[in-house]
Every structure is written in C-alpha cells, then in structure tokens.
Amino acid sequence: MHSIGYRANALLTFAVTILALMCAIVSLSDNLNSPSPTAQVQVLNINWFQKKPDGDDEVSLTLNISSNLQSLFTWNTKQVFVFVAAEYETSKNALNQVSLWDGIIPSKEHAKFWIHTTNKYRFVDQGSNLRGRDFNLTLHWHVMPKTGKMFADKIVMSGYRLPEAYR
C-alpha cells in the first residue's frame with residue numbers, strides 16, 4: 001500500500017501536468033484568431049509649435065482618436081495596452097518615435113472608443129528637426145494574454161506635416 005505522502009505527490013503531479021497542458025492548448029488556440037482592428041487618428045489643430053530655450057523643438061497637437069479593437073479580445077485576453085506615436089526621420093536617426101497618448105483597455109466593451117484630446121506626453125525633438133517635417137501617426141497595441149506570449153501590432157497613418165515656422 002502507498003503512503004498518504006506518495007498519493008498526495010502523485011495527485012499534485014497529475015494536476016500540475018493537466019494545468020500545463022491546458023495552458024498550452026489555450027495559447028495555441030489563440031493563434032487561430034485573426035483580428036481585424038480599425039483605427040483613425042486625425043490632427044485637428046497644432047496648438048503651438050515652439051523652439052524651447054535649450055534649442056529643442058516642441059509641438060502641442062489636438063487629436064481625434066477613434067478605434068475599434070474589439071476583434072483583439074478573445075477568451076484568453078487579459079487587457080490591451082494601446083498608444084499613439086509620432087514617427088519621423090532625421091539625418092541622425094532613420095526612425096524617431098515619440099509617444100503622444102496611451103491607455104489600457106481592460107475589456108472588449110471598452111475596446112471601441114473615440115477620444116478628443118491633446119497629446120498626453122510632450123512632442124519634443126532634441127534639436128531643430130521638426131520644422132517642415134513629415135511624420136506618421138501610428139496606433140500601436142500590445143495584447144496581454146492570461147497565458148501565453150504577448151502579441152503586438154500597429155496601424156500606420158501617414159500624410160502629416162509640421163509647419164515651416166514656429167508659432
């Protein structure tokens with residue numbers, strides 16, 4: 001006859017094995033989801049565009065952010081982290097990214113939203129590189145699952161340009 005300790009060990013080992021197998025199946029089943037999120041970011045106004053005393057350019061924008069990220073949510077999704085970034089090129093760097101706004105979407109019910117806001121974080125470039133600069137607004141998202149690997153993607157919206165002169 002087996003002791004109670006041996007039986008408890010066998011039961012615990014079996015339970016952990018089943019739990020690990022279920023987590024693997026959940027992670028693999030999430031790969032079958034093919035999300036189709038939509039988003040639109042508009043620059044309504046350039047509130048101000050100035051050269052700071054230290055020589056850096058700084059911009060304040062009024063944005064309209066509308067998005068439907070409901071297709072990112074599955075039964076394995078815990079939350080989605082989303083942010084809007086301004087992306088542009090300079091002679092020193094092929095890609096500059098400045099985060100303008102971010103948020104955490106806790107559930108599918110909150111994943112369809114429309115926000116009218118100014119940039120939450122400062123749009124600053126080290127130097128005088130923003131005058132007349134073309135830039136893209138990119139909506140990035142990171143899907144944080146309950147189990148498995150994190151998934152990230154983005155939608156790029158191009159065709160934005162900053163003024164030639166400070167105001």
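Reply: Start with a cut-off: buried means under 20% relative accessible area, and exposed means over 50%. One caution is that this is a predicted model.

Me: Why is W101 called buried?

Reply: W101 has a relative accessible area of 9%. The cut-off for buried is under 20%. So W101 is buried.

Me: What makes F113 count as buried or exposed?

Reply: The relative accessibility of F113 is 14%. Buried means under 20%, so F113 counts as buried.

Me: Why is the pair of W101 and F113 called tilted?

Reply: Two values describe a pair of aromatic rings: the distance of the centres and the angle of the planes. For W101 and F113, the centres are 6.1 Å apart and the planes stand at 40°. Rings pair if their centres lie within 6.5 Å, and planes under 30 degrees apart count as stacked, over 60 as edge-to-face, the rest as tilted. So this pair is tilted.

Me: What parts does the pair of W101 and F113 tie together?

Reply: W101 lies in strand β4, and F113 lies in strand β5 (residues 112-118). The pair therefore ties together parts that are twelve residues apart in sequence.

Me: How many aromatic pairs are there by this rule?

Reply: The count comes to six aromatic pairs. One of them joins Y88 and F123, with ring centres 6.2 Å apart and planes at 45°, so this pair is tilted too. Y88 sits in strand β3 (residues 77-88) and F123 in strand β6 (residues 123-125), so the pair ties together parts 35 residues apart in sequence. Both Y88 and F123 are buried. Ring pairs also link Y88, F123, F135 and Y160 into a cluster.

Me: What makes β4 and β8 edge strands?

Reply: The open sheet has four strands in the order β4-β3-β7-β8, with antiparallel pairing. β4 (96-105) and β8 (151-161) each pair on one side only. Strand β7 (residues 134-145) pairs with β8 over nine bridges. In β8, A152 is the bridge partner of H142.

Me: Why does I25 count as exposed?

Reply: I25 has 52% relative accessibility. Exposed means over 50%, so I25 counts as exposed. I25 is placed in helix α1 (residues 4-30). With F14, I18, L21 and M22, I25 makes a nonpolar surface patch of about 510 Å².

Methods:
Residues numbered from 1 in each chain as written. Predicted model: local features only at pLDDT ≥ 70, side-chain atom pairs only at ≥ 80, totals over all residues. Heavy atoms only, no water. Patch = residues over 30% accessible without salt bridge, like charges linked within 9 Å, V, L, I, M, F, W, Y side chains within 5 Å. Areas by Shrake-Rupley, 256 points an atom, 1.4 Å probe, with all protein chains shown as cover. Salt bridge = Lys/Arg side-chain N within 4 Å of Asp/Glu carboxyl O. Helix = DSSP H or I, 4+ residues; strand = E, 2+ residues; numbered from the N terminus. Buried < 20%, exposed > 50% of the residue type's maximum accessible area, 1.4 Å probe, protein only. Pairing = 2+ DSSP bridges.
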